Amino acid sequence: MNHIPFIAVEGPIGVGKTSLAKAISARYEYHLLKEIVDENPFLGKFYENIEEWSFQTEMFFLCNRYKQLEDIKSNFIEKHIPVVADYHIYKNIIFAKRTLTSEQYTKYKSIYDILTADMPKPNLIIYLHASLPTLLSRIEMRGREMEQKMDPHYLEQLSDDYETAMANWASLYPNTPIIDINGDSLDFVKNPADLQSIFTKLDQALQKGATCFEPTR
C-alpha cells in the first residue's frame with residue numbers, strides 16, 4: 001500500500017474539529033471526511049436524557065462511521081488518495097465508556113471490535129483541547145439547538161476522557177504522531193497566524209512521516 005497521510009482531527013465537542021479539518025483539506029487538497037451529527041435522530045433526546053438514549057445514540061454513530069470508513073477505504077485509501085477526517089473511529093469508545101452501562105458497553109465493544117477490525121485507521125492525529133469556558137463559548141456561538149441542552153458537567157467529563165484516551169493512544173501506538181493543539185491559546189478560526197502555526201506543525205509531521213504513513217489496521 002502506498003505511504004499516504006490519513007489524518008484525524010480529534011477533541012471534545014465544540015473545540016473546532018470540523019473547522020480545522022476543512023482548513024487542512026483546502027490547504028493540502030486532501031479529501032475531507034466529515035462525521036454525521038445532525039442526522040442522528042436520537043441526539044436531541046440524548047442531550048435531554050443521556051441515560052435513556054445513550055445506547056441508541058452511540059449505535060447510530062458507530063454504524064454510520066463504519067459505513068463512512070468502508071467507503072473511504074475503497075474509494076480513497078486503496079487508491080492512495082490522502083484523507084483528513086474530523087473524527088477518529090476510536091471516539092466511539094471514548095463516548096461509550098462515558099455514557100453506557102457496563103452491560104451495554106460490553107455488547108457495544110464487541111460490535112465495535114467486529115466492525116472496525118479491518119477498517120483503516122488514521123496514521124496522524126491532531127488533538128484539539130480547550131478549557132470548559134472556551135468549549136461552552138464556541139458551542140453557544142455555533143448555535144446548534146440540541147447542544148444548548150448539554151450539561152456542562154458532561155462536557156467537562158468528556159474533556160477529561162479525551163485526555164486519558166490520548167495518553168493511552170500515545171503509549172499503545174507510539175508510531176502514530178499526535179499533534180497537540182491548545183484551543184485556549186490558538187484561535188485558528190479568527191486568527192490566520194494561529195492557523196499557519198498549525199500548518200507549520202503539520203508540515204513538519206508530514207515531512208518526518210513521509211516514509212512511514214501506512215494506515216494501520
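Predicted model: local features only at pLDDT ≥ 70, side-chain atom pairs only at ≥ 80, totals over all residues.
Five strands form an open sheet in the order E2-E3-E1-E4-E5, and their pairing is parallel. At the edges stand strand E2 (31-33) and strand E5 (178-182); each has a single partner strand, so one side of each is left without a neighbour in the sheet. From one strand to the next, the twist averages 20 degrees.

The pairings can be followed across the sheet from E2. Strand E2 runs parallel to strand E3 (residues 83-85) and is joined to it by 3 bridges, with Leu32 opposite Val84 in E3. Strands E1 and E3 also pair in the parallel sense, over 3 bridges, and here Phe6 has Val83 in E3 as its bridge partner. On to the next pair: E1 and E4 run parallel and are joined by 4 bridges. In this pairing Ala8 stands opposite Ile125 in E4, while Val9 stands opposite Ile126 in E4. Finally, 5 bridges link E4 and E5, again in the parallel sense, and Tyr127 stands opposite Asp180 in E5.

How enclosed are the strands E1 and E4? In E1, 5 of the 5 residues are buried, so this strand is largely enclosed by the rest of the structure. Strand E4 is mostly covered as well, with 6 of its 6 residues buried. In a regular strand, side chains alternate between the two faces of the sheet. Accordingly, Phe6, Ala8 and Glu10 point one way from E1, whereas Ile7 and Val9 point the other way, and all are buried. From E4, Leu124, Ile126 and Leu128 point one way and Ile125, Tyr127 and His129 the other, and all of these are buried too.

Helix H8 (residues 192-208) lies across E1, E4 and E5 and runs at about 170 degrees to E5.

Helix H8 also meets another helix. Two packed helices are described by the angle between their axes and the distance between the axes. For helix H1 (residues 17-28) and H8, the axes come within 12 Å and cross at roughly 65 degrees, and the crossing is right-handed. On the H1 side, the residues in contact are Leu20, Ala23, Ile24, Arg27 and Tyr28; they meet Leu195, Gln196, Ile198, Phe199, Leu202, Asp203 and Leu206 in H8.

The buried residues of H5 are Tyr105, Tyr108, Tyr112, Leu115 and Thr116. Seen down the axis of H5, these buried residues fall within an arc of 90 degrees, so they line one face of the helix. An α-helix has 3.6 residues a turn, so residues three or four places apart point the same way. The buried residues of H5 pack against helix H3 (50-75) and helix H4 (91-99). On the other side of H5, Glu103, Thr106 and Ile114 are exposed.

Ser137 lies in helix H6 (residues 132-142) and is partly exposed, with a relative accessible area of 35%. Ser137 and Gly14 are 123 residues apart in sequence, yet their C-alpha atoms are 8.4 Å apart in space.

Most residues other than glycine have a negative phi. Glu29, in the loop between H1 and E2, instead has a positive phi near 60 degrees. Glu29 counts as exposed, at 71% relative accessibility. His80, which is found in the loop between H3 and E3, likewise has a positive phi, of about 65 degrees, although it is not a glycine. At 38% relative accessibility, His80 counts as partly exposed.

Definitions and conventions:
Residues numbered from 1 in each chain as written. Heavy atoms only, no water. Buried < 20%, exposed > 50% of the residue type's maximum accessible area, 1.4 Å probe, protein only. Helix = DSSP H or I, 4+ residues; strand = E, 2+ residues; numbered from the N terminus. Arc of directions from axis to C-beta. Contact = heavy atoms within 4.5 Å. Pairing = 2+ DSSP bridges. Axes fitted to C-alpha atoms, helices over the stretch in contact; angles between N-to-C directions. Left-handed = near helix turned anticlockwise from the far one by under 90°.
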